[in-house]
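Look over the structure first, then read on.

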Amino acid sequence: MLERFRPAFIVTVREVRDQFRDWRIVVPIFVLTIFFPFLMNFTAAQVVSFVQRYGGEMLIGERLIPFLLMIVGFFPVTVSLVIALESFVGESERRSIEPLLSSPLTDFQLYLGKLLASLVPPLVASYLGVAVYLFGVWRNVGWTPPPVLLTQVIVLTAVQGVVMVSGAVVISTQTTSVRAANLLASFVIIPMALLMQGESVLMFWGRYSLLWWVIVGQLVLAGLLIRTGIAHFNREELLGRELDVLNLRWAWHVFWRAFAGEARSLSAWLRYEIVRALNRLAIPMALMALLLVAGVGIGIWQANIYVLPPGAFDLQQLKEADPVILQQLQVFGFFSVQGVSYIWLHNLRAVALATLLGIFSFGVAGVLVLMAPLALMGFLAQASAGAGFPPFVFLAAFLLPHGFLELPAIIVSGAAILRLGATLVTPSPGQTIGEAWLKALADWVKIVILVAVPLFLGAAILEVFVTPRTALMLLANF
Amino acid sequence: MAVDGVSIKVEAGQVLALLGPNGAGKTTTVRMLTSVLRPTRGWARVAGYDTISQSPQVRASVGVLTEQHGLYGRMNAVDYLDFFGQLYRMDANARRRQIEHLLEQFGLAEDRRRRIGEYSKGMRQKLALARALLHDPPVLLLDEPTSAMDPESARLVRDAIRSLRSASRAIIICTHNLAEAEELSDQIAIIRRGKIIARGTTTGLKDLLLGAPEYELRAARPLDGWRPDALENFTLTAQGTDWLRYCTPQPAQVNPLLLKTLLERGIPVTSLQEVPRSLEEVYLRAINSPAGVEVGHA
């Protein structure tokens, strides 16, 4: 096992040594390790002293010190972004990558070696900075961090570093110049800046336990980014690509070939290509079905935690006021074509949003959007138990009539979104990342437009005209 | 498509020179043989390993001098070679020994602790070659091994390459230096627009592309218009007062017979030698042949 990692460590050691020969890396690390923590010490001491002098709320001072601890850890680790961005493309630009690619290193070893080399020096600098800062605040204001908080900051700093580095290395392997990589770095910088703001809110809010979730989320993201990088690491592309050209004609050609498939007529396309696309989505569809069930389960679980107060969910009212309810429902657009179009378009908007989010989150956020209604149904079903209705009656009343069309629509569109996002983290031998993604997009268009959209329309018709009556009938007779 | 249907075989102990204009596909071929590029069709075996399914083994068996040296300017020569020695899983003693030997051999021993960034072009080339030879590979792929070198350094490198020939090592050299190719190689392959258009020994290619060898005979006194028309397999190409040039596909038979005839006629011969035919002529003939025409394999 260790033998497998040894070549990666050899690459790491060489690169780390090289970095310490470069003053452009050493100086910022040194400043951020020594000078910056002193500045933060000074700031912390001044704020605490100011607050004490005017008899202000000590909470501000107490919250500021851990927050600055996180900042002191984060700043040096940002250097890793710069190093990682040029890890592959920099070598490619300097033409020093070919001997490495010609050596017996495997893709994984080379990738890991570069990843660690980008991460280790800034991370060590971060921890040194944290140590300097902690020593300073202990001396100046006598503050020592609770062990759990210190652990959280140490882990959070490492995880943030891993996320930035793994994202930057992906950029570095997919661009042809350091300039292009730097331009694309905003895809890492902006989300990280937003994340830092969120973490800052948590720190000032004092909800330190939530930091664990932030850590877990970033770990998952880092894992996905590393997988993306390794899956699409391509020696040929690194050596052969000279220019970043947006070739729309090529993109359209790839998309159209995947969209049209081998069919020679519209009927053949409808008969064979749609079925083939569905076959390709068999595993994502199975996964999506399981995730929807999990969504219902999460809803039930949450309903047991956040129990609704008695009377807040009184289905008895529905039973007793049947004719009035039907009239009220008409006012809300039920039993009308407008109602159908509203629900149909709402579902399509949800799929569009899920797709958009799925593209930027390897499919994860997209799937979460589609799981949300099912989680809500699970929550309400469980809550209905409190109102005296078994959950399955609630589900049969409110979900089943239109659900037998809507659920398959959610499953197929969710599967297409999952594949679209997952393509980025899946190896695609013999084709570029763009080619694989365009093919997944062609499947998405086929499935969503020709399968999901009609299913959603059918489901909307049922939801507007059939579900309310069925629900009231079932509830009245239970 | 950078290369199309390239077929070459280099046995252990042979040196093949791959010639061709810029962009012909030489570097692509070398990269495919080092498992860096994956062929869309076809296969290659290097040192007995398949370049697609056994790429780590292929890369471990090959020493590559890349077109761009790819050196790390902030390192010194010893650290640089040691780094690659580790990647090729050489043990510490073997690394130290081999590094010392190669630095001595290429005249870099005195500069071993200088930063590579301070090296001259020629020194960098030599260091890159040392890197290729470090793990004593059974297959050597050398892309422009003496480019950017002064004549003395180029001589040193050529000598080194010559000394690397062994029964167990196959060498492929990509070069634009035709004299070097002729000097070092047993076989020549000429590649144009991704296709091998001529392949064989230097002599074989010369015969194939330039025709039968031409000989020049010089006599000690005027020939007085004498022409050896009676000789078979003999074509007179030019004649002076005391010399003549001719072509023959069977020099082993024709040349002694011609000498004998002249001596019988009392004409002393001062010299008889083959007219030099340069590889450059062969190369230009092959490269300038009409597009799509296979010049042939010798």
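Q: Which residues in H21(A) do A:Pro284, A:Met285, A:Leu287, A:Met288, A:Ala289 and A:Leu292 in H15(A) meet?
A: This is a predicted model. In it, the six named residues lie in H15(A) and face a set in H21(A). The partners in H21(A) are A:Leu407, A:Ile410, A:Ile411, A:Val412, A:Gly414, A:Ala415, A:Leu418 and A:Arg419.

Q: How many residues of the contact of H15(A) with H21(A) are nonpolar?
A: The contact of H15(A) with H21(A) includes one charged residue. One more is polar. The nonpolar count is twelve.

Q: Are H15(A) and H21(A) oblique or roughly antiparallel?
A: Helix H15 covers residues 282–305 of chain A, and helix H21 covers residues 400–422. Their axes are 8 Å apart, at an angle of about 120°. Roughly antiparallel needs an angle over 145 degrees. The two helices are therefore oblique.

Q: How do H18(A) and H19(A) run, roughly parallel or roughly antiparallel?
A: Helix H18 spans residues 337–359 of chain A, and helix H19 spans residues 364–386. Their axes come within 6 Å and cross at roughly 155°. That angle makes H18(A) and H19(A) roughly antiparallel.

Q: Is the crossing of H18(A) and H19(A) left-handed or right-handed?
A: On the H18(A) side, the contact uses A:Ala350, A:Leu353, A:Ala354, A:Thr355, A:Leu357 and A:Gly358. These meet A:Ala365, A:Gly366, A:Val367, A:Val369 and A:Leu370 in H19(A). The contact has eight nonpolar, three polar and no charged residues. The crossing of H18(A) and H19(A) is right-handed.

Q: Which residues of H21(A) make the contact with H19(A)?
A: The axes of H19(A) and H21(A) come within 8 Å and cross at roughly 165°. That makes the pair roughly antiparallel. H19(A) supplies A:Val364, A:Gly366, A:Val367 and A:Leu370. H21(A) supplies A:Ile410, A:Gly414, A:Ile417, A:Leu418 and A:Gly421.

Q: Does H19(A) pass H21(A) in a left-handed or a right-handed crossing?
A: By class, the contact of H19(A) with H21(A) has six nonpolar, three polar and no charged residues. The crossing of H19(A) past H21(A) is left-handed.

Q: Which helix gives the most to the side of domain 1 of chain A that touches domain 2 of chain A?
A: Chain A is divided into domain 1 (2–240) and domain 2 (249–477). Their C-alpha centres lie 39 Å apart. Seven residues of domain 1 are in contact with seven of domain 2. With four residues, the top contributor on the domain 1 side is helix H11 (residues 210–231).

Q: What separates the centres of domain 1 of chain B and domain 2 of chain B?
A: In chain B, domain 1 covers 15–199 and domain 2 covers 214–274. Taken over C-alpha atoms, the separation of their centres is 46 Å.

Q: How many residues of the side of chain A that touches chain B are charged?
A: The contact takes 20 residues from chain A and 21 residues from chain B. Helix H1 (2–20), helix H6 (97–101) and helix H12 (235–240) of chain A each supply at least two on the chain A side. That side has eight nonpolar and four polar residues. Its charged count is eight.

Q: How far apart are the end C-alpha atoms of helix H9 of chain B?
A: Helix H9 has 14 residues, 251–264. At 1.5 Å a residue, H9(B) should span 20 Å. The model agrees, because the end C-alpha atoms are apart by 19 Å.

Definitions and conventions. Residues numbered from 1 in each chain as written. Chains lettered and ligands numbered in written order. Predicted model: local features only at pLDDT ≥ 70, side-chain atom pairs only at ≥ 80, totals over all residues. Expected span 1.5 Å × (residues − 1). Domains from an automatic or database assignment. Axes fitted to C-alpha atoms, helices over the stretch in contact; angles between N-to-C directions. Parallel < 35°, antiparallel > 145°, perpendicular 65-115°, else oblique. Contact = placed C-beta atoms within 7 Å. Nonpolar A, V, L, I, M, F, W, Y, C, P; charged D, E, K, R; others polar. Left-handed = near helix turned anticlockwise from the far one by under 90°.
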